[in-house]
Amino acid sequence: MKIGFRVGCVIAVLVMITSFFGCKSVKLEDAEAAYSRGEYFEAQKIYKKVYNRLTKREDRPLRGEVAFKLGLCYDKLNMGARASAAFQNALRFEYPDSMAYFYLGKSLQSEGKYAPAIKAYEDFMTYVPKDPLSLEGIRGCEMAIAAKEKPKTRYIVKNAKIFNSSRSDFSPMFLDKSGDQLYFTSNNEKVTGENKSAITGIKAGDIYFSRKNERGQWLRPEPIEGELNSDADEGVISFSPDGQIMYLTRAAISETSNTTVEIYTSRRSDASWSAPEKFVIVRDSVTATGHPAVSANGKYLYFTSDMPGGYGGLDIWRIDIDDRVGTLINMGPQINTAGDEMFPYSRTDSLFYFSSNGHPGFGGLDIFKAKLNTTGDYWSVENMGLPMNSSGDDFGITFGPGESGFFSSNRGDARGYDHIFSFELPDLKITISGYVLDKDEEPVPGAVIRIVGDDGSNQREVARDDGSFRFNLGRGVKYVMKAGAPGYLNVKQEFESDIAEEDADYGIDFILAAINKPQVVENIFYDFDKATLRPESKEALDELVVLLNENPHVSIEMGSHTDRKGTDEYNIALSERRAQSVIDYLINAGIEEARLSPKGYGESVPKTVTKRINTLYPQFEEGVVLTEEFIEELSPEDQEAADQINRRTEFQVLSIEYDLF
């Protein structure tokens, strides 16, 4: 069981050390005694001296055992690199306890050395097949390796330097929902106690706080006022919803007995906090309780304990604050594992955060988010991913307004000291943008675009001078978009945004048909020298059906034009049949016949080159009329291009008042 030695991690020092084989010096006995009291900082200093003294060949077995015990000390002091080296030395000297492989895997994982960590876990499982903690360790290492190859989550994490000292600062907690005051635990050199802990090598923790100034900037932290801070270790706090009662972990260190950790309360009067009073959960001197977290509604207290009835290691429990008798429950196997679950945080009745080294993680403690299902009987748990989690210990999260707040981590600190980090999940930037243009790709002045989503959103925008527009969207929403302008037919398009949690900018253009001039219908194809529509014409014709349905009061003339080849009589007759073929298609698609008039023009109305045509065929200047005389002066290639332009199907709006009266 990893204890840690932040106040939050000091749950109970109940470790009894098995005796060394052979005779021991006083120094070894001193190290063993310090270790049994949980004084890991003091113990590691003695073990290191003893280890360096054992230089003879016959000392190798004892040196391996001392290296193992030294590794345990470093492990509990969160010094991953030193722990790895110590466990590797224990194995090098053939220390017989297979747990050396497990602890080596654990410490390598905390360093972010995932491949060798997997190997160490696998070596351990040759002795203890299917060990659940080793299996979870391997899963965590594999997850971390895979995560490095994928984009990180959108969280932005920064070192909150204004709160951090040269020692440990951890477990931040907002006083209330305003997010204007932040409390946390600090082991800085200015804390109340004078003596350094033999457990950690630093002073016992005090509770500090910081507030924002009138510009919204955080001020330098200072110790809380009142009778709360003392020579004991105080920290890992939570508040009642009104901010008047503080629940805290307190570790009273005694020279004559093991460290005990219990939950206390303190009350606020203005800016001052009262002397702590014990919050009794169990009435024995063995069970440790800590890491209090008040539920969002103020009814329950979540906490961490090693009490019987758990799933192994440290578990998270819950009790009714006002009616404690008979209300104590374990948070269950979805939350708790054979490892340690700590630092609970209740955000809402169905959204819960905690830290664990039992669920698959990146190393050490990771922060997990748990969601309660709609029936209230199952928690789904997910790792918060990179960069919220690291190969080190990540724990003690608190949320301010929105998806932002603070947490603590010892990432990047070789001494194992904790520091406070800020996090923020920026709003997704999902937009859709485009242009409203006419058929000649000119901006449509005064075009109005509306977008309605099935999430209830309703937005309107007037296109800019260049025809451009932009809307903000939500994730996974179905939208109907319409564009219109005076003198143009309305156009509708439908669109659904992706559910992916990433920024996105979708593009969509609206091409409006002018009422006062003919509009070419692109991609209408006929069999050669016939009026039969070819199958590839269907898409364009269906779009025309949609346009007519969106503009139900419009009646049109459907005109067909041929090129210069053939007699005038033949071309007129062919174009009339082709226009009628389009009319027949529209009628079969449900458009009223009375709204449709066919017209065959033959070659009598040659096309005038527009800006769009000039873009596609730069050899033809804008404004030129593609008459037979003009075409005959061109090269054979350009003649074919000009004939192709003249062969076209157009519609012209005849009325915008059909069936209005």
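Reply: Let's start with a cut-off: a residue is called buried when its relative accessible area is under 20%. This is a predicted model, so everything below is computed from it. By that cut-off, helix 3 is mostly covered, with 15 of its 17 residues buried. The helix covers residues 60-76, and from its first C-alpha to its last it reaches 24 Å, close to the 24 Å expected at 1.5 Å a residue. Just past the end of helix 3 sits N78, which has a positive phi of about 65°.

Now for the cysteines. C73 comes out at 0% relative accessibility, so C73 counts as buried. C141 gets the label too, because its relative accessible area is 0%. As for bonding, a disulfide is a covalent bond between the sulfur atoms of two cysteines. Searching the whole structure for disulfides turns up zero.

Four strands make up an open sheet in the order 16-17-18-19, and the pairing is antiparallel. Strand 16 (341-348) and strand 19 (379-383) are the edge strands, each pairing on one side only. On average, neighbouring strands in this sheet are turned by 25° against each other, ignoring direction. Zooming in on one pair, strand 16 and strand 17 (residues 351-356) run antiparallel and are joined by five bridges. Within that pairing, Y345 stands opposite Y353 of strand 17.

Technical notes
Residues are numbered from 1 along each chain as its sequence is written. This is a predicted model: local features need pLDDT of at least 70, side-chain atom pairs count only at pLDDT 80 or more; totals for chains, interfaces and linings use all residues. Side-chain values use heavy atoms; hydrogens and water are left out. Two strands pair if DSSP finds at least two bridges between them. Helices (H or I, at least four residues) and strands (E, at least two) are DSSP runs, numbered from the N terminus. Axes are lines fitted to C-alpha atoms, for helices over the stretch in contact, and angles run from 0 to 180 degrees between N-to-C directions. The expected span of a helix is 1.5 Å times one less than its number of residues. Buried means under 20% relative accessible area, exposed over 50%, partly exposed in between (1.4 Å probe, protein chains only). A disulfide is a pair of cysteine sulfur atoms within 2.5 Å.
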